[in-house]
Structure formats: structure tokens, C-alpha cells
There are 2 protein chains.
Amino acid sequence: MGKAAEELGVVSGLVRAAFLVNSVYAESAREYGLTPQQGQLLCVLMAQPYGMSELGGVLRLAKSSLTELVDRTAQRGLVKRESDPRDRRVVRVALTERGAELADVFYAETCRRVEELSAGLPEGDRETLGALLGRVVSDNRVPAVFPERDEAPVAARDN
Amino acid sequence: MGKAAEELGVVSGLVRAAFLVNSVYAESAREYGLTPQQGQLLCVLMAQPYGMSELGGVLRLAKSSLTELVDRTAQRGLVKRESDPRDRRVVRVALTERGAELADVFYAETCRRVEELSAGLPEGDRETLGALLGRVVSDNRVPAVFPERDEAPVAARDN
DNA sequence: ATTGTTCGTTCGCCATACGAATGAGCGTGT
DNA sequence: ACACGCTCATTCGTATGGCGAACGAACAAT
């Protein structure tokens, strides 16, 4: 055991599955008039507003890239910048009402489609797959780029 | 069973794992002076040369997008266009020697990094994960965007 | 107050992606 | 043979994405 063939199976499985998910994600976004990046931004912000720096960390983007992504998404009226009274350098990015509505339907539809990808697996295997991927994801500290159902349903949005 | 929570686990597991793999892929590409798309192109061509139309299907790109990707990659001397004597409309895209060398090292390094992602899993779980992902991938007819080790070791590359 | 740091934006540059329009080459039908 | 329609790939225009460097504003420390 421990043969190269099996290990490579995991590797190319992961890479090809990622390709597949990307395709589905992009197509879903497209149908709602979103780019994949804008869709991802909405999904991240579903959980809570973020400061630009945090967001850059979550999305793994350079700050200049993020400024422009937020610009374009804000131009479409989906997100807004709020200033932090504590520190006037900080900008908090939050969903607008329209953005929240769109995020909901985009998220739901994307979930539906991604779920279909594993529809061919028996129930037990799907759970196993979820558990194993969950392990990989948490081992590698992947930020919450896509909400789990029960996460933070509009918590603090004061000021 | 069949609760929403478990099913969502698979969905967000897949989406987050895809995000993770993308990050790793992009970073690996970057270190070899490649964009992720160019890296992917090289990986696809490792198996064999492709015509533009086929390649568009494999990479899921519009043909104009592909023309330009091949342009840029060819400018870097990594791929070349060959004309098909059977049908002079057809362009076959193949790796140059430099491209093949770079593809080899990029592929190897990317494999290494992706494999590390699942390094925290016990051997048996890794095999299970590979098997389940393999099932998802084949159920959804994902093209060979990333080679398996034993695939097509430099077949026909004449003239 | 001056300095250093953090924060976000701006700017220039290149890569990505698409649709529409274009033109080259193939095949069929008559 | 030649005109038509089809497929192939490219070109063009537009929008987006992504980065690093440079910048200015606001905080923090002395």
C-alpha cells in the first residue's frame, strides 16, 4: 500500500473536483448577472460585514484587487461601504438590501447545483465525503468563503 | 437521516475545498511565472496535443478566450500551433520542449502541494476521499484537466 | 509636534473572458 | 465546377480581474 497511484488519485480528484465546482459556480453566478468573484463576495458577506483588510485575507486578494472588486460590486448596488466611527481609516463592507436578496437566491441556487454534483452517490457516501472534505478544509484553515446553513443570520450591523 | 445539515456539509465542503485547491494551484503557478490558466493549459497538453475546439470543450472556454490564452502562452514559448495537413482550418496546440519541461516541474510541484492538503488524513481516509471524488468527477464528466500519473506519456508528436 | 505604521485608494500594467463580426477552408448539392 | 452553407479559428471591442508601487489619510507612540 501507500502506492503512488492511490495518492495521485486524491490529488487529481481534488483538482478535477475543484475545476468542476468552479464551473458550476461560474455558471450559477452568470445566470444572476454576477461574476464569480462578485458572487463569492456576496456569499462571504452573507455571514457578516467585513473590513477591507479582513476581506482581503478571507478572499486571498491583494488590497488593490479588493478595492476594485468592491467598487464594481457597489456600483451594481449590491454592497456598500460603511465607515467605522472607532477608526476612520477602516471601511466596513456590507450587503445592501438588494445585495442580501440576491445573495440569498444565488446562494440557494448554487447550493442546489453543487449538491447535484454528488447526487449519484448513496446517502452514506455523501456524508462521508462531506466529513472528509470538512477535515481537509479545517486542516488547512480555509476561511468561510461559503456559508454553512446555520451561520450568523444577520448578526450585529449597528452603528 | 437525510437532514439538511449533512447535505449542506457536502456542498460547502466541496465549495471550500475548491477554493483551497484554487489557491494552491494559483500560488504554485505563480512561482513558475505562470498564470493559473496557463498552468492549466500546460497540464492539459501534457497528455496530448489538442485542436482548439476540443481544447475549448475541455477547458470550458469560449473560442475567443482560448485563442488569446494560446497566444499569450505561445508568446512565452511554452506551446506552439501546428497545422493539420488533413484540414487546414484546424490548429493543433502542443507543448514546446520548454513547455513540456516546465509542465513537468509545475505538475510535480502542484501535485506535491495538493497532496499536502490531505496530509492530515490517515492513509485509509485519503484513499476513500480519492475514490469518492473520483466518483463525483466521473459522474459529472469532468474532462482531463489534470493528468493522472499514467496518462499518455508523450504519444504522437511527429513532424 | 514629529515620526512611523496601518488602512484603503489610485494608477499603470497585463491577463482573462465573452460575444459579434470576420475570413479561411471544407463539403454538399445541383 | 461553382455557389451555398457550415465549421474553424482569429480579430475586435468591452468589461473584469489581479498585482505592485505610490499615495494620502488617520492612528499611535514618543
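Biologist: A cavity is a set of points on a 1 Å grid over the protein atoms where a 1.4 Å probe fits but cannot get out. With that settled, how much space lies in the largest cavity?

Modeller: The model is a predicted one, and in it the largest cavity holds about 40 Å³ of space. The count of cavities of 30 Å³ or more comes to one.

Biologist: Which residues line the largest cavity?

Modeller: Its lining consists of L14(A), A17(A), A18(A), V21(A) and L133(A) from chain A, together with L14(B), A17(B) and A18(B) from chain B. By class, eight of the lining residues are nonpolar, with no polar and no charged ones.

Biologist: And which element gives the most to that lining?

Modeller: Helix 1 of chain A does, with four residues. At least two lining residues come from each of helix 1 (4–31) of chain A and helix 1 (4–31) of chain B.

Biologist: Turning to open spaces, what is the volume of the largest pocket?

Modeller: The volume of the largest pocket is about 1,900 Å³. Its lining has two or more residues from each of helix 1, helix 2 (36–47) and helix 4 (63–75) of chain A, and from each of helix 1, helix 2 (36–47) and helix 4 (63–75) of chain B.

Biologist: How many residues line the largest pocket, and which lie nearest its centre?

Modeller: There are 46 lining residues, and those nearest the centre are N22(A), Q37(A), N22(B), P36(B) and Q37(B). Helix 1 of chain B gives the most to this lining, with 12 residues.

Biologist: What is the division by class in the lining of the largest pocket?

Modeller: The lining divides into 27 nonpolar, 10 polar and nine charged residues. For the largest cavity, by contrast, the lining has no polar and no charged residues.

Biologist: On to the aromatic residues. How many aromatic pairs does the structure hold?

Modeller: Over all chains, the structure holds eight aromatic pairs. One of them joins Y107(A) and F146(A), with ring centres 5.0 Å apart and planes at 45°, so this pair is tilted. Y107(A) sits in helix 5 (residues 97–117) of chain A and F146(A) in the segment after helix 6 (123–139), so the pair links parts of the chain 39 residues apart.

Biologist: Are those two, Y107(A) and F146(A), buried or exposed?

Modeller: Both Y107(A) and F146(A) are buried. Another pair, Y25(B) with F106(B), has ring centres 5.5 Å apart and planes at 85°, so it is edge-to-face. Because Y25(B) lies in helix 1 of chain B and F106(B) in helix 5 (residues 97–117) of chain B, the pair ties together parts that are 81 residues apart in sequence.

Biologist: What is the relative accessible area of Y25(B), and what is that of F106(B)?

Modeller: Y25(B) has 8% and F106(B) has 0%. A residue counts as buried under 20%, so Y25(B) is buried, and F106(B) is buried.

Biologist: Which residues do ring pairs link into a cluster?

Modeller: In chain A, ring pairs link Y25(A), Y32(A), F106(A), Y107(A) and F146(A) into a cluster.

Biologist: A change of topic: where is the place of S118(B)?

Modeller: S118(B) is in the loop between helix 5 and helix 6 (123–139) of chain B. At 1% relative accessibility, S118(B) counts as buried. Apart from its neighbours within four places in sequence, its contacts are V10(A), V136(A) and R126(B).

Biologist: How many residues of helix 2 of chain B are buried?

Modeller: In helix 2 of chain B, 10 of the 12 residues are buried, so this helix is largely enclosed by the rest of the structure. The buried residues include Q38(B), C43(B) and A47(B).

Biologist: Finally, what does the secondary structure of chain A come to?

Modeller: Chain A has six helices and three strands, in the order α-α-β-α-α-β-β-α-α from the N terminus. Of its 159 residues, 47% count as buried.

Conventions:
Residues numbered from 1 in each chain as written. Chains lettered and ligands numbered in written order. Predicted model: local features only at pLDDT ≥ 70, side-chain atom pairs only at ≥ 80, totals over all residues. Heavy atoms only, no water. 1 Å grid on protein atoms, 1.4 Å probe; cavity = no way out; pocket = protein on both sides within 12 Å on 5 of 7 lines; lining within 4 Å. Points joined across faces, edges and corners; volume = space filled by probe spheres on them. Nonpolar A, V, L, I, M, F, W, Y, C, P; charged D, E, K, R; others polar. Phe/Tyr/Trp six-rings, centres within 6.5 Å; stacked < 30°, edge-to-face > 60°. Buried < 20%, exposed > 50% of the residue type's maximum accessible area, 1.4 Å probe, protein only. Contact = heavy atoms within 4.5 Å.
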